[in-house]
Amino acid sequence: MTPFSDLTEFLAIPAVTSLSLSPDGRWLAATVQAPGPDPKKFGTSIWRIYTGQGAPARLTRSAEGESGPVFLPDGALLFLSRRPEPGPAKDAGGEPAKPALWLLPADGGEARRIAALPGGIAGVTTARAAGRFLAAGPAFPGTSGPGEDDARRKARTDAGVSAILHSGEPVRFWDHDLGPDCVRLFGGSAAAQDQAHDQHRDQEPGQALADLTPEASGRELDEQAFCLSPDGSVAVTGWRVPEESGGGRAELVRIDLDGGSRRRLAGASGADYSAPRVSPDGRLVLAIRSGHDTYQRPGDVTLVVTELDGGADGERDLLPGFDRRPLAAEWAPDGESVFFTADDTGRRPVFRVATATGEVRQVTTDDAAYDCLCPSPDGQALYALRAAISEPPAPVRITLHGPDGEPDPPVRLAGPGAGVTVPGRVEEVTAEAADGTPIRGWLVLPEGATGQAPAPLLLWVHGGPVMSWNSWSWRWNPWLMAARGYAVLLPDPALSTGYGQDFIARGHGTWGENPFTDVMAITDAVTARPDIDADRTAMMGGSFGGYMANW
């Protein structure tokens with residue numbers, strides 16, 4: 001019996017979903033998801049995972065859960081939670097409690113709530129060298145201050161109104177509707193918030209927070225990432241603006257926390273700027289630039305840097321000629337290079353690019369996918385979540401030996417859960433497409449699949465379609481099928497990432513041509529194997545995979 005034989009046991013496997021490294025580099029705050037007190041719902045908690053020796057420890061245990069841990073320079077930990085303070089568990093409007101900002105002292109004392117907004121706090125980030133934070137929270141358009149926003153919410157609740165009036169695009173983002181409120185950014189000082197909360201427990205929610213974007217009355221900040229400069233004086237965020245042809249794009253803007261002035265740092269027609277990061281010296285801003293798709297060509301993705309003070313030099317492409325799409329990036333502590341991840345031939349390695357020369361070196365070379373990069377303060381190690389087709393995400397340490405030295409293999413840190421043993425094995429498979437292009441994928445084989453006992457085959461096409469089968473998936477997990485005796489083929493046909501821009505373009509706009517023939521070519525190659533029963537094959541998929549199954 002394995003966790004993959006029973007869905008309840010599978011869902012009970014702890015899932016580490018994020019990492020944040022303490023300022024002294026001694027431990028990681030990890031968000032862990034597992035079934036909560038109500039078995040129909042997941043709960044999240046924050047764990048301490050040591051970067052050296054030491055057993056992991058759970059730091060939070062509320063029924064409402066905790067998420068989004070980030071550190072202040074003194075080692076205190078900020079996080080988000082719906083947990084109530086002593087008193088009723090509902091807000092003044094009778095609605096379920098909204099996520100608020102909590103502080104866990106560096107000395108390990110009791111966590112306490114330090115900031116709240118009427119609509120809740122959706123995200124938070126901190127300054128590297130100052131006790132300031134930047135929080136995102138929804139507010140109703142036209143309101144000035146949390147008190148007025150709170151009154152608007154209470155009036156809607158009292159009137160029984162739940163409708164959303166849309167006066168422009170967009171009205172929805174992927175799996176959720178937008179509105180009736182919209183995101184704004186609020187600045188605060190952890191010390192000032194803590195003091196104000198202790199002295200005025202009856203004050204209006206969020207009264208000590210500074211609304212940095214009162215002019216944001218639409219979708220400008222919805223779904224946008226943001227960060228702070230090391231000294232906490234400047235915020236950098238994505239800012240959505242309309243385009244003449246319809247739709248919109250996300251630019252980069254800077255906002256001065258002391259004064260609130262805003263100006264554009266980077267923006268271009270037909271491109272989005274996302275995931276900003278200010279360099280350790282506070283001089284440069286790193287971001288991902290994603291070109292919009294057109295009917296003729298898929299948009300390309302790269303890393304760019306621009307000056308925080310808005311210098312005349314404009315933005316600079318860090319990855320000219322690098323034919324892979326960066327997914328996440330973090331500055332090295334010396335500011336002379338950037339670590340980033342990108343899909344590459346069925347893996348997601350860590351790369352390092354020198355900011356001065358643009359030279360790119362691959363840091364990891366194993367069959368794994370990396371995320372949540374956390375460079376150590378001394379530059380000697382890189383901490384990350386490592387996953388693979390057969391391994392759920394787990395925190396690891398990669399010891400570095402300078403920009404030009406070969407890193408050590410990743411070492412798994414002691415974290416929650418004991419890992420899993422999958423019911424079978426995984427192999428890499430290849431084929432040649434109808435036009436001669438090499439096609440590859442992963443083949444999951446159940447235990448006991450041999451030439452004498454061939455396994456039935458399940459072809460599983462990924463969604464996206466601009467993505468890759470290169471990591472563990474909780475939602476599309478082939479081991480649930482392998483536990484029942486199926487072999488599972490996970491191909492990367494045309495439109496998949498990790499094989500260059502031309503490979504994506506092979507299927508762009510012609511969804512049933514190269515993607516279909518690629519899938520069939522690698523399926524034919526796999527069904528020719530003696531350990532696969534070619535007479536018992538099936539196909540499934542979600543999103544684009546479902547489209548291909550219908551095709």
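Student: Before we start, what should I know about the numbering and the cut-offs?
Tutor: Residues are numbered from 1 along each chain as its sequence is written, and side-chain values use heavy atoms, with hydrogens and water left out. The model is predicted, so local features need pLDDT of at least 70, side-chain atom pairs count only at pLDDT 80 or more, and totals for chains, interfaces and linings use all residues.

Student: Let's take the open sheet of five strands: what is the strand order?
Tutor: Strands here are DSSP runs of E, at least two residues, and helices are runs of H or I, at least four residues, numbered from the N terminus. Two strands pair if DSSP finds at least two bridges between them. The pairing in this sheet is mixed, and the order is β31-β32-β34-β33-β35.

Student: How many bridges join β33 to β34?
Tutor: In general, strands of a sheet pair through backbone hydrogen bonds, either parallel or antiparallel. β33 covers residues 455-461 and β34 covers 487-492, and the two run parallel. Leu457 stands opposite Ala487 in β34. The number of bridges joining these strands is three.

Student: Which helix lies across β31, β32, β33, β34 and β35?
Tutor: It runs at about 120° to β31, where axes are lines fitted to C-alpha atoms (for helices over the stretch in contact, meaning heavy atoms within 4.5 Å) and angles run from 0 to 180 degrees between N-to-C directions. Residues 514-527 make up this helix, α6.

Student: How far does α6 reach from its first C-alpha to its last?
Tutor: Start with its 14 residues. The expected span is 1.5 Å times one less than the number of residues, and for α6 that comes to 20 Å. The model is close to that, with a reach of 20 Å.

Student: Leu495 has a positive phi; is the residue buried or exposed?
Tutor: Its phi is near 90°, and Leu495 is not a glycine. You'll find Leu495 in the loop between β34 and α5 (501-505). Buried means under 20% relative accessible area, exposed over 50%, and partly exposed in between (1.4 Å probe, protein chains only). At 1% relative accessibility, Leu495 counts as buried.

Student: And Trp174, buried or exposed?
Tutor: Trp174 also has a positive phi, about 50°, although it is not a glycine. Its place is in the loop between β11 (172-173) and β12. With 74% relative accessibility, Trp174 counts as exposed.

Student: Which backbone nitrogen does the side chain of Thr364 reach?
Tutor: Thr364 is in the loop between β26 (360-362) and β27 (369-375), and at 4% relative accessibility it counts as buried. Leaving aside neighbours within four places in sequence, Thr364 is in contact with Pro349, Val350, Tyr370 and Ile398. At 2.9 Å, the side chain of Thr364 reaches the backbone nitrogen of Val350.

Technical notes
A polar contact is a pair of N or O atoms within 3.5 Å; within protein, one must be able to donate a hydrogen and the other to accept it, and residues adjacent in sequence count only if both atoms are side-chain atoms.
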